Amino acid sequence: MSTLVSIKYYTLGLIALLFYSISGYSQTFDFEIPDTICINSIVPLKNLSVGGTSYYWNFCSGSLSNLPLGVNLGSFSGAIGSPVFMEIAQDGLNFYGFVSNHESGSLTRLDFGNSLLNTPTSVSLGNFGVLPTQVEGLEIIKQGNNWSGLVTGGQYSNSKLIRLEFGNSLSNTPTVTDFGNIGNLSFPVDLTLYNDNGNWFAFILNADNNTITRLAFGNSLSNSPAVDNLGNLGLLNYPVGLFLIKDNFNFHIFVANKLGDDIARLDFGPSLTNTPIASNLNLGDFVNQPRDISLISDCGSIYGFVVNEGDNTMTRLDFGDKINNIPSATSIGNIGGLSFPHSISKIFRTGDALNFFIPNVTSNSISKLSFSNCSNSSIPSFTGFQPPSFSYNQVGNYNISLYADEGLPTQKIICKPITVVGPQKVNLGKDTGFCTGNSMSIVTTGDYVKYLWNNYSITNSLKVDAPGTYWVEATDAFGCSSRDTVIVEADTLVFSGLGPDTYFCPGSQVELTSNSNAQKFLWNTGSINPSISISTAGEFWLLVERGYCSKSDTIIIIEKPGIVLDLGKDTSICTPNNIQLGKEFAGSSYKWNTGATTSTIVVNNSGKYWIDIANDGCVFSDTINVRIDTLIFPGLGRDINICAGQEVELGTISNASKYLWSSGSTSQKIVVGEEGQYWLNVELNACSFSDTIYVNKVDLPVVSLGPDTSLCPNTSIMFNPSVLADSLRWNNGHTTGEIEINEPGLYHLTVYKDGCKSSDTIFVAQRSFPRIDLGNDFSLCENQFIKIEAKVTNGDFLEWKDGITTPVREVKPPATLIAIANNECGTSSDTLRVSSAGLDIFSLKLPNAFSPNNDGKNDCFGISNWPVEEIFEFSVFNRLGQIVFSTRNHKVCWDGKLNGNQLPEGNYVYILRAQTSCGPIDTKGYVLLLR
């Protein structure tokens, strides 16, 4: 575990080393251990130190690569609220924690006494009269004998920086300096202080404008700083947490970007006055709205810790041995009850454990995380030059630390990591065996440096030629040993082979058998049976297995040459035909199922026929089915006529199984509507017939009654269509070509010629005189004009009596208008009289005030004296938009009351929409109610 050594101890150590060098005294501190060792093995530690006066060894200090332990310390009886940052400081023997409370804009001091592991008492420091609401980052440092600090926070124009000066004790009430908004602060969230060669620098992150502000105080924080806003630097995206570290003489600032979901690194080089170069760590999904970052070195490795607001977790970063490496990231989840974790305090050591605090905004609490000693070493620690033998009982990563001359100016701390591994499992494989008369090798797997078999062999493999149980014990380079055992069996296989090559007659089979005690069989045919039947010539092999034994043999099967006997496919013949079956083969004898012994036979009956032919010791057989068919087909008949537009069905009765028409149809019957020649071919097995028929098309007679028409009252129409027909008939019973129509209706004529007929229909509608309508007589106010439209149905507008020819005109009272319309049947007219109402429309105005005081004057607000025909809406509203009066009766007016209660004086809004004798009214306005 790494240890933080103060500047004081480091300076005293240099003085002591100088003293010892002058006096000729030489000291070196070092020890030697292996990188890796086996579990439960003695660690070969050798102390190489010279000249030391005291030695303290720790063998199981906690490692930052392990998971920390977490505990939530609560809110200290409500002493903190929305805590965002916590600063730790040691003043003499006492430890203090300063917490910034975001919402209240105040600080709380936690007094831990002589250990940060104690439960603290809380002291509210308030806001000193200048701290902004939304207070954020703070830093406490000691200059000489005096303590100072910086606090920042606030948003927009309220953003500011505050300096606190405590004097010689952190228990004092500080004096306060308000620097205001310097360096373009915009929601300044986090800050850090650093002393470089006697000069103090501060860096502040501005979340709202994505910039970083640098302050240079010179040799004292009591000075007024020189201020420089470094801008965004390209990679800042709502920056909220930072950590400054110096590594190999170069300065680096790590920035947590909440909205960028990443950590940025600012590289200043050897001076904090340089303009830094920014780069991203590209941590991907391992950070989720990161709030703060802190770094520490542990036994040669550099680790970082990030708290994530997005999912209330912590992420560990492993940089290896160089700060500018891209770290590997690991999520260590929510430890210690994190709830909107906002920041990470300075990491401090207590004994061999590392600790840090995390403020939780949402739960108003503080979490403490610790990397503590483990209990996996046989002895946890030792005081002396050479430690006794010790070992580890769990695999894992451990740190061995040596604290030499602890507390003296020559103090030195050496930390070395050691990895404890478990034995890797040696594997001889599954139990195995071999065939009697053979041998086999047993081979180990794994990386080992030493082997010991049960027959005392020390090689990595063992050759065996006898059954039995064999084991090996293997030891790896770290001293871990493991053992494995395997059982070896021996099997005996009996297999006499498949015998000599042989032959078979065509169409027969040969039985092949293994004659073996084998447990598994595999033929080249794919069969896995002990025996197979072969009906084709070729080369055949068999592989047999029993346990760990296997043998094989091959045999050749030859087929005898024979005759090619084929009676053909099953067939049929049509009555009265016959068929000859069979063929002559030299040196053969014949036997038919009919009893015939000739090479051929003639058949004219349906049935199954077969023959056996003996040739060269082999018998050949074949079978054929013969069927005798009779097809019935009387033909398609005589040629026929059809009318144009008609169809006829062609076909006949037949027992055929197949039909083919000249049209391509395969149905027994077809329907045709076109003139032409049609043929049909029918089949029944071996039988087929065909026939042809001619279809003649006759044209339909032509008849046309013309378009639909109409009749005016007291008129008639003569119809005399010109048709060429044998006969005709009207739907009213007339059989002559010419008829007179004097009534409306539907008339239908059918004509007949050459056996075909045609028809046509005409509709005669009743036509009436035109109709014109000017509407009802009405009155208008004086000097008022109105448009009049003559509406015509069943005709067209002709003219007004006074000669105007447009259907729409404008008039004013008094006037008498006559309009005329016409159509094919004649003309019609209508008259409209427009009289004067004796009023002027401009006299219809509502008053702008009224006083309902029962004095008989202006007591009611309404339109009772207007020539109203219909009210569509008359409503009054108060200033809140509520209806206080509404009516559709123009004789009713508003008396200034609502539900019988008088309403207060003031302006009220009214809406009026109505139809009057003088025309439509659509208006709204204000009326003043007076008391």
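Predicted model: local features only at pLDDT ≥ 70, side-chain atom pairs only at ≥ 80, totals over all residues.
Residues are numbered from 1 along each chain as its sequence is written, and side-chain values use heavy atoms, with hydrogens and water left out.

Now, where does D262 sit? D262 belongs to strand β20, residues 262–269; strands here are DSSP runs of E, at least two residues, and helices are runs of H or I, at least four, numbered from the N terminus.

What about its charge? D262 is buried but has no salt bridge, and R265, the nearest side chain of opposite charge, is 11 Å away. Buried is under 20% relative accessible area with a 1.4 Å probe, protein chains only. A salt bridge needs a Lys or Arg side-chain nitrogen within 4 Å of an Asp or Glu carboxyl oxygen. The D262 side chain does reach the backbone nitrogen of L283, at 3.3 Å.

Let's zoom out, friends. The chain has one helix and 76 strands. Its radius of gyration, 59 Å, is well over the 30 Å that the globule rule gives for 931 residues, so the chain is more spread out than a compact globule. That radius is taken over C-alpha atoms, and the rule is 2.2 Å times the number of residues to the power 0.38. Of the 931 residues, 43% count as buried.

How values were computed:
Buried < 20%, exposed > 50% of the residue type's maximum accessible area, 1.4 Å probe, protein only. Lys, Arg positive; Asp, Glu negative; His and termini not counted. Polar contact = N/O pair within 3.5 Å; in protein donor to acceptor, adjacent residues only side chain to side chain.
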